[in-house]
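Subject: Structure for your review

Dear colleague,

Please find below the structure that I am handing over to you.

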Amino acid sequence: LKPEDSVCFRAAYGDFMYRTRSDRGACFIGTGTGVAPLRSIVMSEKFKKDPPLFSLALLGFRTREDILYQ
């Protein structure tokens, strides 16, 4: 991003599904077991077939031992 660029963050409300937009980037944010549905999205055929322009994952865990899918 450049200075003055805008960013929109939305929480997951209702159905949790990813809608592919190949002309935009995607940022996935999750902690603990909340990482599992994000992994499912990235591993899906729909995501692989038409990936976003770029992807960024921000994942949080309490300890190194808690890290999933190393």
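A search of the whole structure finds one salt bridge, the term for a side-chain nitrogen of Lys or Arg within 4 Å of a carboxyl oxygen of Asp or Glu. Side chains of opposite charge can pair when their charged atoms come close. Here the side chains of Lys2 and Asp5 meet, at 4.0 Å from N to O. Lys2 counts as exposed because its relative accessibility is 59%, whereas Asp5, with a relative accessible area of 37%, is partly exposed. Buried means under 20% relative accessible area, exposed over 50%, and partly exposed in between (1.4 Å probe, protein chains only).

Please note that this is a predicted model, in which local features need pLDDT of at least 70, side-chain atom pairs count only at pLDDT 80 or more, and totals for chains, interfaces and linings use all residues. Residues are numbered from 1 along each chain as its sequence is written, and side-chain values use heavy atoms, with hydrogens and water left out.

Turning to the overall fold, the protein has two helices and two strands, which run β-α-α-β from the N terminus on. Helices (H or I, at least four residues) and strands (E, at least two) are DSSP runs, numbered from the N terminus. The C-alpha trace spans about 35 × 35 × 25 Å along its principal axes. Of the 70 residues in the protein, 14% are buried.

The largest pocket holds about 1,300 Å³ of space. Its lining has 26 residues, and Cys8, Arg10, Gly25, Ala26 and Cys27 are the closest to its centre. A pocket is an open set of points on a 1 Å grid over the protein atoms alone, where a 1.4 Å probe fits, with protein on both sides within 12 Å along at least five of seven lines; lining residues have an atom within 4 Å of a point. The volume is the space filled by probe spheres set on the points, which are joined across faces, edges and corners. Strand β1 gives the most to this lining, with four residues.

Finally, a nonpolar patch on the surface includes Phe9, Ile29 and Leu58 among its members, and the patch has about 920 Å² of accessible area together. Such patches join nonpolar side chains (Val, Leu, Ile, Met, Phe, Trp, Tyr) within 5 Å, using residues with over 30% relative accessible area and no salt bridge. Accessible areas come from the Shrake-Rupley method with a 1.4 Å probe. Leu58 lies in strand β2 (residues 55–60).

Yours sincerely

Technical notes
Patch = residues over 30% accessible without salt bridge, like charges linked within 9 Å, V, L, I, M, F, W, Y side chains within 5 Å.
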